[in-house]
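Please read these notes with the structure open beside you. They go from the whole chain to single residues.

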Amino acid sequence: MHWLDKIPFSLLVILSLTLGFAPFTPVPHLIEKIVMLVSGNLNKPIDIFDLIMHASPIALLVMKMGRSIFR
């Protein structure tokens with residue numbers, strides 16, 4: 001997990017806000033994909049890829065925050 005320590009918090013925050021919630025209108029893409037996942041409509045490979053792509057910066061940010069808190 002040393003590679004995660006090398007990534008600055010500021011970069012992860014910027015990526016989380018831009019990629020995680022783009023496009024901002026009418027509904028953020030990540031929210032749309034989560035709704036599809038909960039409703040059971042997330043079955044196309046492109047939709048699964050979109051969910052992973054838009055959620056990965058947020059997941060990395062959470063992992064880095066947890067790692068810095070519990071260190």
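1. This is a predicted model. The protein chain has four helices and zero strands, so read from the N terminus the order of elements is α-α-α-α. The C-alpha trace spans about 40 × 25 × 20 Å along its principal axes.

2. Of the 71 residues in the protein chain, 23% count as buried. Among contacts with a separation of 6 or more, 66% are between residues 24 or more positions apart. The chain exposes about 5,000 Å², and carbon and sulfur atoms supply 77% of that area.

3. D5 lies in helix α1 (residues 2-6) and R67 in helix α4, so the bridge ties together parts that are 62 residues apart in sequence. D5 is partly exposed, because its relative accessible area is 29%. R67 is partly exposed as well, with a value of 27%.

4. K33 forms a salt bridge with D47, and here the closest N and O atoms are 2.7 Å apart. This pair links distant parts of the chain: K33 is in helix α3 (residues 29-39) and D47 is in helix α4, 14 residues apart. K33 has a relative accessible area of 4% and is therefore buried. D47, at 10% relative accessibility, also counts as buried.

5. K33 has another partner, D50; the closest N and O atoms of this salt bridge are 3.9 Å apart. D50 lies in helix α4 and K33 in helix α3, so the pair ties together parts that are 17 residues apart in sequence. Together, K33, D47 and D50 are linked in a network of salt bridges.

6. Is D50 buried or exposed? D50 counts as buried because its relative accessibility is 14%, and the cut-off for buried is under 20%. D50 is found in helix α4, which covers residues 45-69. Leaving out residues up to four places away in sequence, D50 touches H29 and K33.

7. Which residues make the nonpolar surface patch of about 480 Å²? The patch is made by F9, M65, I69 and F70. F70 is found in the segment after α4. F70 is exposed, because its relative accessible area is 74%, where exposed means over 50%.

Key:
Residues are numbered from 1 along each chain as its sequence is written. This is a predicted model: local features need pLDDT of at least 70, side-chain atom pairs count only at pLDDT 80 or more; totals for chains, interfaces and linings use all residues. Side-chain values use heavy atoms; hydrogens and water are left out. Helices (H or I, at least four residues) and strands (E, at least two) are DSSP runs, numbered from the N terminus. Buried means under 20% relative accessible area, exposed over 50%, partly exposed in between (1.4 Å probe, protein chains only). Contact means heavy atoms within 4.5 Å. Accessible areas come from the Shrake-Rupley method with a 1.4 Å probe; for residues, only the protein chains shown count as cover. Patches are made of residues with over 30% relative accessible area and no salt bridge: like charges are joined within 9 Å, nonpolar side chains (Val, Leu, Ile, Met, Phe, Trp, Tyr) within 5 Å. A salt bridge is a side-chain nitrogen of Lys or Arg within 4 Å of a carboxyl oxygen of Asp or Glu.
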